[in-house]
Amino acid sequence: MLSLSNVSLKKDGKYLLKNITWNLNKGEHWSILGLNGSGKTTLLKLINGFFWPTEGNIQVLGKTFGKTSIPDLRREIGWVSSSLQRELYNDPVQSIILSGKFASIGLYNEVNEQDVEKARQLMEFMDCIHLHDAKFNTLSQGEQQRVLIARALMASPKLLLLDEPCSGLDIIQKEKVLHYIEKLANNPGGPTLIYVTHHLEEILPVFSHILLIRGGTMYNAGKTEEILTEEMLSNFLQHPVTLHKNQQRYWISLKKKNHSLIST
Ligand SMILES: Nc1ncnc2c1ncn2[C@@H]1O[C@H](COP(=O)(O)OP(=O)(O)OP(=O)(O)O)[C@@H](O)[C@H]1O
């Protein structure tokens, strides 16, 4: 499904990603966890072909970068990110969702009855049918995220990249969005999901695997329950943590560090 082999990305003489080797197989849903600036979005941009690797090889959905048309490949990849939220500012919900078929900002192509029906079904699935005529900028952030997920699904992607879809949401809106993501992950025939976050509690049980990224390098990757241990996360965050599991979700808090007196 996805294979990165010794991939590095350099910009302005600085490595943003270094030596990433990562395989994602069909039937797995992955989360990517890392602190601010660790390289999560950059990694998604590589998978999407928005950035080109300086070193290494990338294969996405069986297509090798350098031997395939990136615009064609992108049609098979859905992308939900906050940068889209800004660009789709003033359009009505239904046309935003329909535009997902063409991966365009704005709806300029003709749509047919099947497209309209599919958009309707997606709005029902994501619980936003009541908003179909509303302008995007009048929606709450949670509603906007659900519309963006429906838009990404319009092209029936095989791979769906979710870049911090719960960022800025209150606890109720966040749980709503997570509920629809879980529904999507459990939908047979639905896309493979890659979910980027810096909040551990957003990692739903449907995310079978996790990649930890730190300073542009892959710290570890594997089965979620094997990777998410107190010891691993304390080392990863370079700070002792307490980890507990509640309702099949992980919750983390930082332990107090012993501060030694600063000598003057
Ligand atoms: N086009 C670019 N040119 C130069 N540096 C870049 C570019 N894009 C990203 N970076 C740098 O790469 C690093 C990783 O950025 P990235 O957006 O991937 O982090 P992130 O893990 O998604 O962070 P956050 O959680 O804060 O969104 C940052 O230091 C950022 O400044």
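Figure 1. Helix H1 (residues 40-47) supplies the largest share of the shell around the ligand, three residues. Helices (H or I, at least four residues) and strands (E, at least two) are DSSP runs, numbered from the N terminus. This is a predicted model, in which local features need pLDDT of at least 70 and side-chain atom pairs count only at pLDDT 80 or more, while totals for chains, interfaces and linings use all residues. Residue numbers start from 1 along each chain as its sequence is written. Among the residues surrounding the ligand are Lys 11, Asp 12, Lys 40, Thr 41, Thr 42 and His 198; a residue is near a molecule if its C-beta atom, placed from the backbone, lies within 6 Å of it. By class, the shell holds one nonpolar, eight polar and three charged residues.

Figure 2. Strand E1 (residues 2-11) pairs with strand E2 (residues 14-24) in the antiparallel sense over seven bridges; strands pair if DSSP finds at least two bridges between them. Val 7 has Ile 20 in E2 as its bridge partner. Two residues lie between the strands of this hairpin, and Asp 12 in the turn has a positive phi of about 50°. Asp 12 also belongs to the surroundings of the ligand.

**Figure 3. The pairing of E1 with E4.** E1 also pairs with strand E4 (residues 55-60), in the antiparallel sense and over five bridges. Opposite Ser 5 stands Asn 57 in E4. These strands belong to a protein chain with nine helices and 12 strands.

Notes
Nonpolar A, V, L, I, M, F, W, Y, C, P; charged D, E, K, R; others polar.
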